[in-house]
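Have the sequence and the 3D view open side by side. The paragraphs below go from charges over rings to ring pairs and then to a sheet and its helices.

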Amino acid sequence: MPDIHLITPAPWTDYELIDSGDFQKLERFGDFVLARPEPQAIWDKSLSDRNWEEQAHAIFRRDRQSPERGDWQTTPDMRDPWFVSFRQGGLNLKFKLALTTFKHVGLFPEQSDNWVYIHDTIKKLSTGVSRPKVLNLFAYTGGASLAARQAGADVTHVDAVKPVISWARENMDHSELDNIRWVVEDAVKFVRREVRRGNHYNGIILDPPAYGRGPDGEKWVLEEHLNELLKSCADLLDRNDFFFIINLYSLGFSSILLDNLMRQVFGMVPNSEWGELVVEDNYHKRLPLGVFYRFASV
């Protein structure tokens, strides 16, 4: 059984976790510093509240009536939207960022190590597969899809939210890529249909939310649907040349729980890694932002 891993972004010019604490995080995305809620940051801040306010170009304030939403308090020089780049290894990607009412900005920096893993693994698979097929489920604004496409894969990008698909398409254009297949659909329904059709993929990537709604009102609850979805993904994954990545952000899921589930569904898999997605701030506090499991045939 592999040891638990902590994966964290390599130094990145356009991203920095400056400080964290008091259930908040202070981050720099390109030229702009944002202060956002972070339920995992239960410790004290290293910097003063005044220092946070002086640095931040945008501060997220929760709506008291609807705590899942909120508004941004911005300085006059804050641009919205704006752009950041990611250059590492063989990747050269560009992302549009924007301030949303759900506190998100269109990018999860803790995922950047997975982008490099996806790119490098596809390059290895390409020695035996002319054009690896990759399926990205709950694909959001497309970081993993862009990494796979830049590595030369044939990518299918699935998300239930049409505006998010449009955002991902913009990121593809800004990254000077093309020919990603866009699917606006509930992930569970799409996967079931692909299994019935007998289709297979060399790579499957999952980033499921704790809960959500499909385009036709389908209810997604992670604990209720994940086991079934993983079994269907096992049917879709190529038997010879493959990789698989799953990330979970629900506070109720530990990496050990995910390891148990994955070994039950997929059995003994090669080159497996599992553990936590972590970002370290400038004061050496490590912020856990999810759990992951990944494996590959190469």
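A charge sits over a ring if NZ of Lys or CZ of Arg is within 6 Å of the ring centre and within 35 degrees of the ring normal. By that rule, Lys 94 has its charged end over the ring of Phe 83, 5.2 Å from the centre. Lys 45 lies over the face of Trp 52, at 4.1 Å from the ring centre. This is a predicted model, in which local features need pLDDT of at least 70 and side-chain atom pairs count only at pLDDT 80 or more, while totals for chains, interfaces and linings use all residues. Residues are numbered from 1 along each chain as its sequence is written, and side-chain values use heavy atoms, with hydrogens and water left out.

A pair of aromatic rings is described by the distance of the centres and the angle of the planes. Rings of Phe, Tyr and Trp (its six-membered ring) pair if their centres lie within 6.5 Å; planes under 30 degrees apart count as stacked, over 60 as edge-to-face and the rest as tilted. The count comes to 15 aromatic pairs. In one of them, the ring centres of Phe 86 and Trp 115 are 5.2 Å apart and the planes stand at 85°, so the pair is edge-to-face. Phe 86 belongs to strand E7 (residues 82–88) and Trp 115 to helix H2 (residues 112–125), so the pair ties together parts that are 29 residues apart in sequence. Helices (H or I, at least four residues) and strands (E, at least two) are DSSP runs, numbered from the N terminus. Both Phe 86 and Trp 115 are buried, where buried means under 20% relative accessible area, exposed over 50%, and partly exposed in between (1.4 Å probe, protein chains only). Phe 86 and Trp 115 also belong to one aromatic cluster with Trp 12, Tyr 15, Phe 29 and Phe 95.

Phe 266 and Phe 295 form another edge-to-face pair, 5.2 Å centre to centre with 65° between the planes. Phe 266 is in helix H7 and Phe 295 in strand E17, 29 residues apart. Phe 266 is buried at a relative accessible area of 17%, and Phe 295 is buried at 1%.

Strand E17 is part of an open sheet of eight strands, in the order E1-E16-E17-E15-E12-E9-E10-E11, with mixed pairing. Strands E1 (4–7) and E11 (181–184) stand at the edges with a single partner strand each, so one side of each is left without a neighbour in the sheet. Two strands pair if DSSP finds at least two bridges between them. Five bridges join E9 (residues 133–137) to E10 (residues 154–159), and these two run parallel.
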